[in-house]
Amino acid sequence: MVWRRVFRTLRDGPAAEPAAKLGEAAVRALAEQLDAAAQTRLGRSLSIRHVNSGSCNGCELEIHALHSIVYDLERFGLRFVASPRHADVLLVTGPLTRNLREALLHTWTATPDPKWVVAMGDCATDGGVFKGSYAIEAGAGGIAAAVPVDLKIPGCPPTPAQLLNGLRALLEANAR
Amino acid sequence: MSTATAIIRAGAAIPCRPWTRHVLARADWTAMTQALAGQPALALVALWADPSEAHALFLDEADGAVLVASTAIVEGGYPALSPHRPGAAWYERMIRDLWGHAALGGTDDRAWLDHGRWPHSHPLAARPGPMGPAPEPPEFLPVEGEDLHQIPLGPIYAGITEPGHFRLTCQGETVVRLEVRLGYAHKGTLALMRGKTPRTAARFAARLSGDSTVAHAIAFARATEAALGVDAPPRAATLRAVMAEIERIANHLGDVGAICNAAGFAFAPARFGWHREAMRRAAAAAFGHRLMMDAVVPGGVVADLAPGGPDAIAAALATLERELPELVRVYDNHASLIDRMVGTGILAADLAQRFAAGGYVGRASGRAFDARRLPGYPPYGSLEVAVPVLQGGDVDARLRIRLAEIAESIRLLRVLLDTLPAGTLTVSLPMGSGEGIGCAEGFRGDIWHWLRLDNGQIANAFLRDPSWAQWPLLEAAVEGSIVADVPLCEKSFNCSCSGVDL
């Protein structure tokens, strides 16, 4: 059975799909945001730490999808890590509930500089449908109420393809 | 002494569709809570409140009857159910934090959702209180014994998960107690829904737990339709079921992969993840959204199947059906994998019964309840849904229930698509008042929504996710396991944080 599977894999090739083209404008805008130190130190790979700031778990489903063999993240130099201390990027989902503000700040502080924060989904971007709730951090809306945001990927939830494009744009901008 | 059922039925009837709500005087409610001890077949499904009353939803496992009981809040409290229904304890803590009503004689009065960080306490009460003191450090149940140590996990985990805190107390490698502390994902959903039209409020119901967005949207839509006395058109009901079964298959595929991954078997998440992605893409092709969020609305569905939709779904099902037997064989033939699954995290059948656990958690421990069969709702009536039941109660049983349900959902989807009735997609909702209850079977289990409409706006609502029954059972199932098996147990339960954090 194993041999049959090996044969099929050799015949059909990997399940990963070819990468889509990136938007030049988005990459240029991001490159302008980055400071020189980050560019020389991070190189062409990014370690990503996911942080849930109170999402409905829809965004997590799409991060899991992005993690599947269909998208094969690691070929782009992108990988998920288990500790904020190993991370270059915090990928934050959720509208930032008041009950999670302290946890997000701890995670952000534990991430070494230079670091980027990506707000994933409408909630993290501006509070989404939960904007104005007593249980959500007020102020700038979304996670920007607690941490500086470098890249916003809106959507409810964003598709894995949108997420991948955003992260690759970050990578490209970083390499310039 | 009369039975709890008789006491509830004797209470003053308040119109609520499809199940009448009975308001009990304080003395009758107290008698009812005591009678529960002698009527174990009356399962507590949900317990919630509004500013002036506490409400309990029961299911009689003997005859499938649904009973709704209420009692007025007197001097800030109501007699607790938790002494006779242990599953009530979490609800009572939630009611205290959100409405400020005390459960008199309850087994646990520690804070739950309120971590002392909201601008005011009791946010759903008629008059919210001042900001509560921060419950830091949180109080955990006492554990006694020699050489115990604690492992705190979360709310930020080393993985892509939801935020909850696991407090493991261990003796060497053995877990003596797991206590879960939630509330981190509390978004104030119930408060946001108040004063909104059902159409607007449905967006919150669809985001209570994103993985069950279709099932929650169906329960909410059915509650609204019941309150207003209308029925969704047959075509809409069938399309809802198509979406619900796609959601069930996709989530089960993800879960099976995640459980095997927790045992370090990377092949399973790769293949099951591939099929899940195919299901999500079929959903996008058919309904315009990968998770089908906001596709189900009160009154019907927002859009018809896209032209290429049925073919996309059929193609995804065919590919899945072709490879599934081989994937099951791979699972069966890996002794080192099976060794981690069988006998791990056993949930005793009587516990599953006592907490009225639904979904794969209940079915793997002998409780066959499925809301599609009983109380049942269109279009499932004529479909004769097969519900797999196992007795093992371990991680392996919960995984095999999912595999069996995937096969059954494939069958259901084909029948549903073949027999799709013609007709309209929505029925217009009158601007009315009333109370309604809706239920739906999500991939985790039975979902129940209650709401009260006042001139076309939500006056009060409660959304009950199946995880309410399953979190406490996870705590029980982990007891006595080794630390390395905790992720296996956790993935095999896959409880939702957001769903119970509200």
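**View 1. A salt bridge across the two domains of chain B.** B:Glu61 and B:Arg367 join their side chains in a salt bridge, N to O at 2.7 Å. For a salt bridge, a side-chain nitrogen of Lys or Arg has to be within 4 Å of a carboxyl oxygen of Asp or Glu. Domain 1 and domain 2 of chain B have three salt bridges between them. They also share nine residue pairs in polar contact, both residues at pLDDT 80 or more. A polar contact here is a pair of N or O atoms within 3.5 Å; within protein, one must be able to donate a hydrogen and the other to accept it, and residues adjacent in sequence count only if both atoms are side-chain atoms.

A quick note on what you're looking at: this is a predicted model, where local features need pLDDT of at least 70, side-chain atom pairs count only at pLDDT 80 or more, and totals for chains, interfaces and linings use all residues. Residues are numbered from 1 along each chain as its sequence is written, chains are lettered from A and ligands numbered from 1 in the order in which they are written, and side-chain values use heavy atoms, with hydrogens and water left out.

View 2. Chain B splits into domain 1 (4-104) and domain 2 (189-470), with bounds taken from an automatic or database domain assignment. Their C-alpha centres sit 27 Å apart. Domain 1 of chain B brings 30 residues to the contact and domain 2 of chain B brings 25, where contact means heavy atoms within 4.5 Å. About 2,200 Å² is buried between the two, 67% of it from carbon and sulfur atoms. Buried area is the accessible area (1.4 Å probe) that two parts lose on being put together, summed over both. On the domain 1 side, B:Arg17, B:Trp19 and B:Trp48 lose the most area to domain 2 of chain B, together 23% of what that side buries.

**View 3. The interface of chain B and chain A.** Chain B puts 56 residues into this contact and chain A puts in 46. The two chains bury about 4,100 Å² between them, with 60% of it on carbon and sulfur atoms. On the chain B side, B:Ile156, B:Ile160 and B:Lys187 supply 19% of the buried area, more than any other three residues. Six salt bridges are counted between the chains. One to zoom in on pairs A:Arg8 with B:Glu326, whose closest N and O atoms are 3.2 Å apart. Helices H4 (189-193), H5 (198-205), H8 (267-287) and H9 (309-333) of chain B each give two or more residues to the side that touches chain A. H8(B) provides the largest share, nine residues.

View 4. A:Leu90 belongs to strand E3 (residues 89-93) of chain A; strands (E, at least two residues) and helices (H or I, at least four) are DSSP runs numbered from the N terminus. A:Leu90 has a relative accessible area of 1%, so it counts as buried, meaning under 20% (1.4 Å probe, protein chains only). Beyond its neighbours within four places in sequence, A:Leu90 contacts several residues, including A:Arg49, A:Val51, A:Trp108 and A:Trp116. A:Val70 is 20 residues away along the chain, and its C-alpha atom is 23 Å from that of A:Leu90.

Notes
Buried < 20%, exposed > 50% of the residue type's maximum accessible area, 1.4 Å probe, protein only.
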